[in-house]
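Me: I am new to this structure and would like to learn how to read it. Please take me through it one feature at a time.

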Amino acid sequence: MSGAGARVRSMGTLWHPFSDMGAVEQTGELILTRGEGVHVYDRDDRRYLDATAGLWFTNVGHGRGELADAAAEQMRRLAAYSTFGDYAPDTTVALADRLEGIAPVAGSKIFFTSGGSDSIDTAAKMARRYWVEQGRPDKTVLLSRSKAYHGMHYAGTALAGIPGNREGYGELVPDTAQVEWDSAESLRATIESVGADRVAAFFCEPIIGAGGVYLPPEGYLADVRKICTEHDILFVADEVITGYGRFGGSWFASSALGLEPDMVATAKGLTSGYAPMGAVLVAPRVWEPFFRPDAGVWFRHGYTYSGHAAAAAVALANLDLIEREGLLDGAARVAESLHRELAPLAEHDRVVEVRSGLGAVAAIQLADPPTAMRFAVDIRRHGIATRACGAGAIQISPAFVMSDEQVQELAAALRAGLDEME
Ligand code: PLP
């Protein structure tokens with residue numbers, strides 16, 4: 001043998017994001033080949049109940065042919081074109097109109113991105129530019145919460161409330177500050193110490209996701225929204241996880257709670273992950289300075305794939321499907337089911353807390369946090385695909401089509417896995 005064929009493959013080639021590759025080299029990769037409903041299958045055709053809907057995104061379940069058909073039809077017609085300047089594929093325009101119709105604030109404009117981190121960077125830059133356009137260029141400080149996850153571009157990393165996610169890069173974005181995740185008073189105190197005339201925006205996940213599924217304390221979101229209004233600070237809802245139904249019963253947590261954000265960062269559930277796409281829903285207050293006739297204001301920001309037509313076609317088909325199958329209510333049912341079935345696990349001596357009860361999300365906080373990664377691998381023996389999140393919690397965020405029986409099956413498997421822990 002010669003050339004590439006002679007090489008011994010001692011290590012995998014794929015560099016997995018957010019992974020200890022030294023450990024992956026030891027344990028190997030779990031290579032998936034297909035999915036159907038709430039299940040995924042590996043190369044040996046072993047079946048796993050997908051407890052996390054991938055990374056909180058396959059909200060309509062796997063294997064939805066109509067989403068593939070929508071992409072294929074669009075790709076044959078016009079896969080994508082630029083949306084810079086005055087160009088726009090018809091499908092992209094249709095999706096923007098559709099999103100305006102369901103946005104938490106009427107009259108929103110839609111700025112498309114390629115994913116959640118893009119949406120956060122877009123919102124961060126838009127917030128600072130907005131204040132420049134208002135003649136208040138000193139309003140630059142971006143606030144976020146401890147435990148927060150806002151993606152991994154520069155802005156999102158600088159806003160990260162999970163300490164490990166910020167470490168090792170130096171200061172990426174000047175003028176960022178953090179408040180306590182569960183205290184509106186902490187936000188008020190920080191604004192007062194920094195000076196409201198210096199603060200541009202507050203970034204807030206309605207339910208903290210990757211930081212460990214922490215539900216907002218009663219009244220917290222209404223309080224922080226009010227504090228932002230009082231101090232003339234933009235309120236940015238990061239609904240990358242909660243958007244498009246996962247909050248349960250409505251398209252967005254912000255609509256359900258009447259938060260009226262100045263911007264909503266979204267991605268994931270927009271296409272149920274069938275195509276990479278994000279969107280920032282921008283309320284009139286923020287877009288108006290950029291749309292004044294003859295003012296010559298450009299927002300010099302955007303991505304090659306902003307408003308990608310094939311992704312937009314998938315998004316439209318996905319929103320149709322959610323509506324047709326009543327999956328906003330489906331998510332509310334899954335939320336209740338998770339709360340009911342997982343709560344008893346809190347009594348297990350390997351568990352300190354089960355966080356659930358709002359949205360189709362839950363976390364099982366293990367008593368010994370470093371064991372969470374191992375648990376997430378070992379539970380595959382019971383046919384469950386999940387992952388560790390936060391500091392030693394197990395993430396649960398299934399598709400909105402998971403049945404009550406499947407949630408029971410999940411709870412039983414988790415209990416069996418906990419019983420087997422050494
Ligand atoms: N914001 C939140 C709340 C998220 O959960 C995520 C991803 O998990 C992001 C932003 C970043 O999204 P993406 O990974 O698509 O860039």
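**Reading the chain, its sheet and its ligand shell**

Me: How much of the chain is buried?

Reply: A residue is buried if 20 or more other C-beta atoms lie within 10 Å of its own, exposed if 12 or fewer, and partly exposed in between, with C-beta atoms placed from the backbone. Of the 422 residues here, 49% count as buried. Keep in mind that this is a predicted model, in which local features need pLDDT of at least 70 and side-chain atom pairs count only at pLDDT 80 or more, while totals for chains, interfaces and linings use all residues. Residues are numbered from 1 along each chain as its sequence is written.

Me: How many helices and strands are in the chain?

Reply: Helices (H or I, at least four residues) and strands (E, at least two) are DSSP runs, numbered from the N terminus. The chain has 15 helices and 15 strands. Its radius of gyration is 22 Å, close to the 22 Å of the globule rule for 422 residues, so the chain is as compact as a globular protein of that length. That radius is taken over C-alpha atoms, and the rule is 2.2 Å times the number of residues to the power 0.38.

Me: What share of the contacts join residues at least 24 apart?

Reply: Two residues are in contact if their C-beta atoms, placed from the backbone, lie within 7 Å. Among contacts between residues at least 6 apart in sequence, the share is 71%.

Me: In what order do the four strands of the open sheet lie?

Reply: Two strands pair if DSSP finds at least two bridges between them. The order in this open sheet is 1-2-3-13, with mixed pairing. Strand 1 (32–36) and strand 13 (384–385) are at the edges with a single partner strand each, so one side of each has no neighbour in the sheet.

Me: Which way do the neighbours in this sheet run, parallel or antiparallel?

Reply: Take them pair by pair. Strand 1 runs antiparallel to strand 2 (residues 39–42), joined by four bridges, and leucine 32 is opposite aspartate 42. Strand 2 is also antiparallel to strand 3 (residues 47–50), over three bridges. These two form a hairpin with four residues between them, and aspartate 45 in the turn has a positive phi of about 65 degrees. Strand 3 and strand 13 are parallel, with two bridges, and aspartate 50 faces alanine 385.

Me: Which residues of strand 9 point one way and which the other?

Reply: In strand 9 (residues 263–266), Met263 and Ala265 point one way, Val264 and Thr266 the other, and all are buried. Strand 9 pairs with strand 8 (residues 234–238) in the parallel sense over three bridges. On strand 10 (residues 278–282), four bridges make an antiparallel pair with strand 9.

Me: What surrounds the ligand?

Reply: A residue is near a molecule if its C-beta atom, placed from the backbone, lies within 6 Å of it. The ligand is surrounded by 15 residues, and the closest are Gly115, Gly116, Ser117, Gly151 and Val240. Helix 5 (residues 116–133) gives the most to this shell, with three residues.

Me: Is helix 5 mostly covered or uncovered?

Reply: Helix 5 is mostly covered, as 15 of its 18 residues are buried. After helix 5 comes glycine 135, with a positive phi near 75 degrees.
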